[in-house]
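Me: I'm new to this one and would like a close look at a single part of it. Could you take me through it slowly, in plain words?

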Amino acid sequence: MGDDVSRQRYSPEQRTTYREQLNADLETFDSYLQEAEFSSQGTIGLELELNLVDADMQPAKVNHKVLESIDHPDFQSEIGAYNIELNHPVLTVQGDGLKQLQDGVQSRLDMAHAAAAEHGAKVAMIGTLPTLTTEFLEDPSWVTDENRYRALSNAVIDMRGELVRIEIHDREYYRHDFTDVAPESSCTSMQLHLQVPPNRFATAWNASQAMAAAQVALSANAPLFAGYKLWHENRIPVFTQSIDTRTPELVTQGVRPRVWFGERWITSVFDLFEENVRYFPPMLPESREESGTPVMLGSSPALHYLNLHNGTVWRWNRPIYAADGDLAHVRLENRLLPAGPTVTDLVADAAFYYGVVKYMGEENRPVWSRLSFPDAEKNFFAAARSGLYSRILWPKLGRVDVADLIRTTLVPQARKGLQMLDVDAAIIDEYMDIIEARARTRQNGATWQLRTLMALKPRLTEPDTAERRDALKRLLELYIRHQSTGAPVHTWPVGDQ
């Protein structure tokens, strides 16, 4: 979660100075966009957050030990002491690029498994650990002992001035107040990167927003939080509420949340950076000098203040500016997918995303010209709540079953988009067949977990009981076993098999 910082709290003087520098960076970025040459390589990348569990399937707070054993620059810590993050180097999607991505993720994941085993832990690649408990999240030792994570938690509590309330209801009802942002650590995701030239960024972002509902419905993998059956993708409400700096009164006034879908289609990448500066006060006002960031990186401005601030506004599709040598680049960070269930599923999700974004971006009359932004947002939250059983609004089709939309409309579009990207035909078939089968069977990670929990304990109706906790332990054991096979989730047997 971003770069390290030098302290855990900041003074009013530091915040005032930071605000001035932030606005100066925004003006620099505006001028640079209009005048400079940017890298136009259409590369892709991936970040993957992982959980560590012990023999009892409980969170194992050994991330620093595991990272020391891995000793590889593609891994780093995450906010939870039971989380680590895997980063895959950028590559191109053309040809067999997606297969290279699968092999690369698998080889790095193997390293994580081996290192975790040295410390009596296992790796669970899942949206939210079903065995995670409220009691665990109330223990102050949940957090990784680094300034950036404690500073983030302090900033949220200081700005909010109240406890962090997690309140979700659907099939069951959960409500609890936390003294810090501990629930955020439960939200482990896969983040896809897409580098595009600045003049194509708005098209890619609008397409990503339009298809967000289909993505989250297709790939939901977090239906259980603290022992409760809630939304199919609980990461969406849990993450939103964990980092919410607003009191209920500010919510009523219409103040925007820091975990944000957005509020309009855009015409430029600058729109998003400008909104971030205009709407959100600085959260971690670390000076450029304290961070050790130079003014320039190569021939490009580093934009320390703008980039640090941008990292504290958690859009589900986030813009990224990076100065990395002679030519800077902008990329889109697609943040809404959960981790897991298998590497095969992850790469199929990536293929679906890159293919649909490419196809939509080439349409003469793109979908977002016929879909209102509020409807796209409603689609997104409906899909997070009900997964592959949700119904969403789609141009020319009206309100449709999202699984049918994926199979009959979006998978064919993804195939064409991948063809435009010069992906090998056999690879397109392999991954799109997986996506189509997942939609047809309506079995993603979320529905497999719910179906298996029901099969294990069909009469189990009370949440957060010893009996359910035993069933959730068995559920996670089965999940990790199936995950180790690499078989896509739609093929997993339901129940204690």
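How many residues does the largest nonpolar core have, and which of them have the most contacts inside it?

Reply: Happy to. Keep in mind that this is a predicted model. The largest nonpolar core has 165 residues. Those with the most contacts inside it are Leu48, Leu98, Tyr321, Phe352, Met360, Ile406 and Met432. Helix α13, which runs over residues 343-362, gives this core its largest share, with 12 residues.

Let's zoom in on Met360, one of the residues on that list. Skip its neighbours within four places in sequence, and Met360 is still in contact with Ala207, Ala210, Met211, Pro366, Val367, Trp368, Trp394, Leu410 and Gln413.

The chain has 18 helices and 17 strands. Its radius of gyration is 22 Å, close to the 23 Å that the globule rule gives for 497 residues, so the chain is as compact as a globular protein of that length. Picture a box of roughly 60 × 50 × 45 Å along the principal axes: the C-alpha atoms fill it. Of the 497 residues, 61% are buried. Look at contacts between residues at least 6 apart in sequence, and 74% of them join residues at least 24 apart.

After the helix comes Gly161, with a positive phi near 75°.

Side chains of opposite charge can pair when their charged atoms come close. The count here is 36 salt bridges.

Start with β5. Asp177 forms a salt bridge with Arg165, and their closest N and O atoms are 2.8 Å apart. Asp177 lies in strand β6 (residues 173-178) and Arg165 in strand β5 (residues 164-169), so this pair ties together parts that are 12 residues apart in sequence. Asp177 is partly exposed, at 29% relative accessibility, and Arg165 is partly exposed too, at 32%.

Now β13. Arg315 forms a salt bridge with Glu275, with 2.8 Å between the closest N and O atoms. This pair links distant parts of the chain: Arg315 is in strand β13 (residues 314-315) and Glu275 in helix α10 (residues 269-279), 40 residues apart. Arg315 counts as buried because its relative accessibility is 1%, under the 20% cut-off. Glu275 is buried as well, at 2%.

Salt bridges can also share partners, and in this way Asp404, Arg407, Glu436 and Arg440 are joined into one network.

One further pair is Arg256 and Glu263, whose closest N and O atoms are 2.9 Å apart in their salt bridge. Arg256 is partly exposed, with a relative accessible area of 28%, and Glu263 is partly exposed at 32%.

Definitions and conventions: Residues numbered from 1 in each chain as written. Predicted model: local features only at pLDDT ≥ 70, side-chain atom pairs only at ≥ 80, totals over all residues. Heavy atoms only, no water. Salt bridge = Lys/Arg side-chain N within 4 Å of Asp/Glu carboxyl O. Helix = DSSP H or I, 4+ residues; strand = E, 2+ residues; numbered from the N terminus. Buried < 20%, exposed > 50% of the residue type's maximum accessible area, 1.4 Å probe, protein only. Rg over C-alpha atoms; globule rule 2.2 N^0.38 Å. Contact = heavy atoms within 4.5 Å. Core = buried A, V, L, I, M, F, W, Y, C linked by side-chain atoms within 4.5 Å.
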